[in-house]
Structures are given as structure tokens and as C-alpha cells.
Amino acid sequence: MVDLLLGLQWGDEGKGKIVDVLTKDYDIIARFQGGPNAGHTLEFDGIKHVLHTIPSGIFHENAINVVGNGVVIDPVIFKKELDNLEKFNIDIASKLLISRKAHLILPTHRLLDAASEAAKGKAKIGSTLKGIGPTYMDKTGRNGMRVGELEFDTWKKKYRTLADKHEAMIGFYNVDIQYDLAELEEEFYEGVKTLKQLQFIDSEEYIFQAQTEGKKILAEGAQGSLLDIDFGTYPYVTSSNTTAAGACTGLGVAPNKIGSVLGIFKAYTTRVGSGPFPTELFDADGETMGRVGNEFGATTGRPRRCGWLDLVALKYAVQINGVTELMMMKADVLSGFKTIKVCTAYKYKGQEIQHLPYNIESTNVTPIYEEMKGWAKDLTKMTKASELPPALNDYIAFLEEELKVPIKIVSVGPDRLQTIHR
Ligand code: GDP
Ligand code: IMO
Ligand code: MG
């Protein structure tokens, strides 16, 4: 069986932290989609780590980490991630396996991302500029380069043909993008050299065999359900399926082999980049969430937009993914709010609705809130569910009742140990 861990909001729910917490119970941690647009933060022993492509189980001796076929890999960023891990003496050669079918992000994909965003002007997606969109476009357009290609001498020739085409395409955008491709290629070739030192595998076969041997596998999602290419707030989304089905295509796991679906959400909501966000706050409460929650993007450093929990959107994500267990993150950040608000419905075309309509722009939907009593206690030193303040227990009970799924973990700080199991 393969369990899934998925972000249920607009990303940055705390997936990295929870994968790290859960890895002791798994043999394999596998990424199935996204690429270095992800920034997954882990904290333990007073050190903070940010991973982009490497699965968040990498610090545990017991687990093998797999970068699946659905992932897009930038060798330049990958090399930097590996360099950062060097001092931790991890046996990367045996613990980190790469799918031959994963696609490569080329330097020109990054440039195309920048050109596309510049051409959009105010309507830009707010992409992380890591080349994600153009790489997935080449994948579905059947022009992409895969990791397996690097095992053949012809790869440089193929690279050149594709990069030349990309340069011509950059010209079509008619925007001012400054770059030195020779310099970018130098780092790219260095990155490829490093990548080639790792084991390339037929990951679908590896995952299949692991299942027949009864190994426990956890698939680590990137981004969040509302950034899903089909079910997110299109076009302000990423270019992969971040929802449960993405794990089937991104690893080659059959749907009837999916076990638990662990859904992770913040006790409030954040979003980085452009796009609709019905419960977004522009007042002191939003500012407090951002400051206390240290809400800055782990990949780009951009401030994250903050707002109250949107239960309409969360229910939608629970539904699309078939979530069986929930994890609520950053409960500590809400300590001190006199009142906690939860959006339980939208006003849409004069009516109250409880589902996500086609368009959730603020011109279309207005959130309707229920108010609950806040709690003042600092949660960050708590380790047991019995210590949680009554008002937080009421909040949790309310959410469980609304979502019809149990909340099994309440996270009260960024550290591995600041995790309460219920
Ligand atoms: P991911 O992309 O889902 O892995 O999440 P990120 O790492 O991008 O963002 C989550 C941020 O919140 C990171 O800085 C974490 O260290 C931090 N974090 C995770 N859980 C908690 C928590 O319960 N409380 C607080 N205060 N911070 C947390
Ligand atoms: P993790 O895994 C939050 C957002 C970008 C932008 C949109 C498209 O850390 O949760 P892209 O670079 O994919 O073309 O950007 O998606 N985005 C994320 N937001 N967390 C992420 O990943 C994100 N990955 C992409 O900000 O709005
Ligand atoms: Mg993140």
C-alpha cells in the first residue's frame, strides 16, 4: 500500500515537517510531482533545512527516497541541494534514487518562464520562475528531455536542439530578458555531472516490487490542492496534478493500491503568488498571522498572503483527494487572537453556497464567517493532546464535524518535536 501526504490549500502547509515526522514509519518516501518550485522546510536539533526536489525523508537512515517520474528536476538546483546536505554525511548514493522518466528543467525553461511572466504583465501567475510551466509544456507537448536520456551520448545534441528552439521562442515573447546562456549552460553541465553520479531507476518497477515485498511507502506531495492544474484556481495554479490522482501517474501506483490519504492544512490560510483568495486579510489580523507565522516563501522569500481558514475550499480539497486523516499545522500561530473566524460558506450570485464555484474571484464570491472563541495560551511547549486549551479543542471539534475526517496531528511549532498526536 502507498499512503499519500497532500497539501490541501495553496501550498506551504508544512508537508516537509510532517513527512520528516512520519518517515520513521516508512521504508520509502517518494515525490511524485512538481519540482524546485517546492520549498519544504524541516527543523530538528536546532537546524532548519529547506528541500526543493529531494524528498523530506532524506535525514532518516531507515528510508530510501525516490524522485518519481512525475517530478521535474533542475540539475542546477539539485546540485545545490546536494551540496547543502554534504555536511550531514548522508549516504546519498544508496538513499536517493531518481526515476529515468522524470523530466529535466533546462536553463532555457527558466528563461521561458520569465519571458512568459513578463509578457503577462499585471496578469502574471506569480510563478516561482523555476521553469516549471515550460518544462511540463514540453513534457505534454512530447518534446521534453528525460533523466534517462543522460545515459546516452546523444543527450547533448538533443539538449542543443531543444535549447535553440527555446531561444527562438523567447524571441517571440518580445520582452526584455537579459541572460548569458553560455554561463547558464556551464552550471547546467556541472549539475548534470552531479546528477549522473546518482542511481537512475525505473521507478515504477521499483515501487511495484517494493509493494510486493510489503514495504511501506509514503508519497510526498508538493504544492497544494488549490494549485492543481485541473482543480485549482486556474490559471493561477502550477502545471502538475497536486491531488491524489497525481500520485498514481507520478509514480505508477495503481488507484487500488492507495492506502491512507493524509491531508495537511494550516489552522488559517496562506497563498504566495497571484490569484483569488476569498478569505485574504488586509488588516492587522492578517499582518499578525504573517509575522507570527513567519510567512515568507521557502523558495522565493516572497511574503505569503494570509487569511482565515476557508472551510469551503478545504472541504473541496478533502473531497477531491479522498482524505482519510487530517493534520492541522501552525495552531500556535493563532494563540492570542480573541476571536477566530472560519469561512463556512460563500455568498455567490445572491445565494449562500457551500461548494467551490467555477470562479472564486472576490468580485464573484464573498466569504461568510462563523466566529469562535480564541485562546491565549502559548502552545509551543505542549507535547500532549490533553494539554491543548479548551477553545482550541472546540475549534478542532468544529472542523472535524464539518469535514467528517479526524484531525490526527496538531502541529504547534516548526520543530519535529512540536507535534501533537491525537
Ligand atoms: P511545505 O512547503 O508544505 O513543506 O511548507 P513550507 O516549509 O514551505 O512552509 C511551512 C513553514 O511553517 C516552514 O517555515 C515551517 O518550518 C513552518 N512550520 C511548520 N509547522 C509549523 C507549526 O506548527 N508552527 C509554526 N509556527 N511553524 C510551522
Ligand atoms: P510547496 O511544495 C506555495 C505557486 C507560485 C505561483 C504558482 C505557479 O512548497 O508547497 P510555478 O512556479 O509552479 O509555475 O508557480 O504556484 N507555487 C507555490 N506556492 N508553495 C509551493 O510549493 C508552490 N509551488 C508553486 O507561487 O503562484
Ligand atoms: Mg513550501
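I begin at ligand 1, where a polar side-chain atom of Asp-12 lies 2.9 Å from one of the ligand's oxygen atoms. I call this a polar contact, that is, a pair of N or O atoms within 3.5 Å; within protein, one atom must be able to donate a hydrogen and the other to accept it, and residues adjacent in sequence count only if both atoms are side-chain atoms.

Please note that this is a predicted model, in which local features need pLDDT of at least 70 and side-chain atom pairs count only at pLDDT 80 or more, while totals for chains, interfaces and linings use all residues. Side-chain values use heavy atoms, with hydrogens and water left out; residues are numbered from 1 along each chain as its sequence is written, and chains are lettered from A and ligands numbered from 1 in the order in which they are written.

Ligand 1 is surrounded by 20 residues, the closest being Lys-15, Gly-39, Thr-41, Asp-332 and Ser-411; a residue counts here if one of its heavy atoms lies within 4 Å of the molecule. A backbone N or O atom of Gly-14 is 2.8 Å from an oxygen atom of the ligand. For Thr-41, a side-chain N or O atom is 2.5 Å from a ligand oxygen.

Which protein residues are donors to the magnesium ion, ligand 3? They are Asp-12, through OD, and Gly-39, through its O atom, at 2.0 to 2.2 Å. Donors are N, O and S atoms within 2.8 Å of the metal (3.2 Å for Na, K and Ca); water is not among the atoms, so sites may look incomplete. Helices (H or I, at least four residues) and strands (E, at least two) are DSSP runs, numbered from the N terminus. Asp-12 is partly exposed at 22% relative accessible area, whereas Gly-39, at 11%, is buried. Buried means under 20%, exposed over 50%, and partly exposed in between (1.4 Å probe, protein chains only).

Strand E3 runs antiparallel to strand E4 (residues 47-51), and five bridges join them; strands pair if DSSP finds at least two bridges between them. Thr-41 stands opposite Val-50 in E4. The hairpin has two residues between the strands, and Asp-45 takes a positive phi near 50 degrees there. His-52 is in the loop between E4 and strand E5 (64-67) and is buried at 15%. A polar side-chain atom of His-52 lies 2.7 Å from the backbone oxygen of Ala-38.

I turn to the aromatic residues. The model has 10 aromatic pairs. Rings of Phe, Tyr and Trp (its six-membered ring) pair if their centres lie within 6.5 Å; planes under 30 degrees apart are stacked, over 60 edge-to-face, and the rest tilted. Trp-10 and Phe-277 have ring centres 5.3 Å apart and planes at 50 degrees, so this pair is tilted. These two residues are 267 residues apart in the chain. Trp-10 is buried at 3%, and Phe-277 is buried at 6%. Trp-155 and Tyr-189 form an edge-to-face pair, with 5.8 Å between centres and 65 degrees between planes. Trp-155 is in helix H6 (residues 155-173) and Tyr-189 in helix H7 (residues 181-195).
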